[in-house]
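I opened my notebook and went through this one piece by piece. Here is what I looked up, in the order I did it.

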Amino acid sequence: MSSGELKKLKVVAYKDPGFSDKVADGEFDTLMNPEKYVFHYKIEQDEEQAAGTSAVSPRFKKILPENLELEFFFDRTGVIQGKEALEQGIIDDIEKFKKVILDYNGDEHKPNYLIISWGSLLFKGSLTEMDIEFKLFKPDGTPIRALAKAKFQGFVEDDLRAARENNRSPDLTHIRIVKEGDTLPLMCNRIYGDSKYYLEVAKVNNIVNFRKLKTGQEIFFPPLQKQS
């Protein structure tokens, strides 16, 4: 049950897609929690037309990782408790924010991997686009209030995405656990729609006796090579 305690939205930056190698000083707590956040979902369809046909109905291909839109508020006017007015205004706050979400990761050759969390929101991804609107200034032009509008692309490992979608396409890699009564030809038929590939699967997995699979055994089913 929620305690009603105020918690700030947090962004934590990592160097690796496994989210194990944290960026030094790579944490940012928002000044004010957002009024809203927006998820965008998109389904990718295969519209390739088969030879000899005049039209084709789009076929489901995969569900793409979700995208997230968020706004971040910055203020150094002195009206917000705990954020006193500073001579440099919001410049340092903006730079710290950019270091976390925008800095280029030299090892991965891309922006940092991010975990964004707040309440029930737990999002893994990286920044794709951001606009910063400076809204209020001191007489000398120093910005003291701004709004950053950011878009993030979700990050889902390929194996995890395939598992979520339960995609049975023979063009994808599959890993299956042997259940009681399973045989290699039967499992090939489920995945490829044809049992004849069992010898190839046995070879890939170094299975000597394909007639005697062990319950609980993990078997790798590679994508099929398309025939021309």
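**Entry 1: strand β13**

I began with phenylalanine 220, which lies in strand β13 (residues 218-221). Strands here are DSSP runs of E with at least two residues, helices are runs of H or I with at least four, and both are numbered from the N terminus. I noted that this is a predicted model, where local features need pLDDT of at least 70, side-chain atom pairs count only at pLDDT 80 or more, and totals for chains, interfaces and linings use all residues. Residues are numbered from 1 along each chain as its sequence is written, and side-chain values use heavy atoms, with hydrogens and water left out.

Phe220 has 31%, so I wrote it down as partly exposed.

Next I checked the partner strand. β12 (residues 174-177) runs antiparallel to β13, and 4 bridges join them; strands pair if DSSP finds at least two bridges between them. Isoleucine 177 stands opposite glutamate 218.

**Entry 2: the cores**

I looked up the largest nonpolar core and got 24 residues, with Val11, Phe72 and Ile101 among those with the most contacts inside it. A core is a set of buried Ala, Val, Leu, Ile, Met, Phe, Trp, Tyr and Cys residues joined through side-chain atoms within 4.5 Å. A second, separate core has 14 residues, including Phe221 from my first entry.

**Entry 3: salt bridges**

How many salt bridges does the structure hold? I got 8, each one a side-chain nitrogen of Lys or Arg within 4 Å of a carboxyl oxygen of Asp or Glu.

I picked out arginine 145 and aspartate 75, whose closest N and O atoms are 2.5 Å apart. They sit 70 residues apart in the chain, arginine 145 in β11 and aspartate 75 in β6. Aspartate 75 has a relative accessible area of 1%, so it is buried, but arginine 145 is partly exposed at 24%.

Arginine 76 and aspartate 93 also form a salt bridge, at 2.8 Å from N to O. Arginine 76 is in the loop between β6 and α1, and aspartate 93 is in helix α1. Both are buried.

How values were computed:
Buried < 20%, exposed > 50% of the residue type's maximum accessible area, 1.4 Å probe, protein only.
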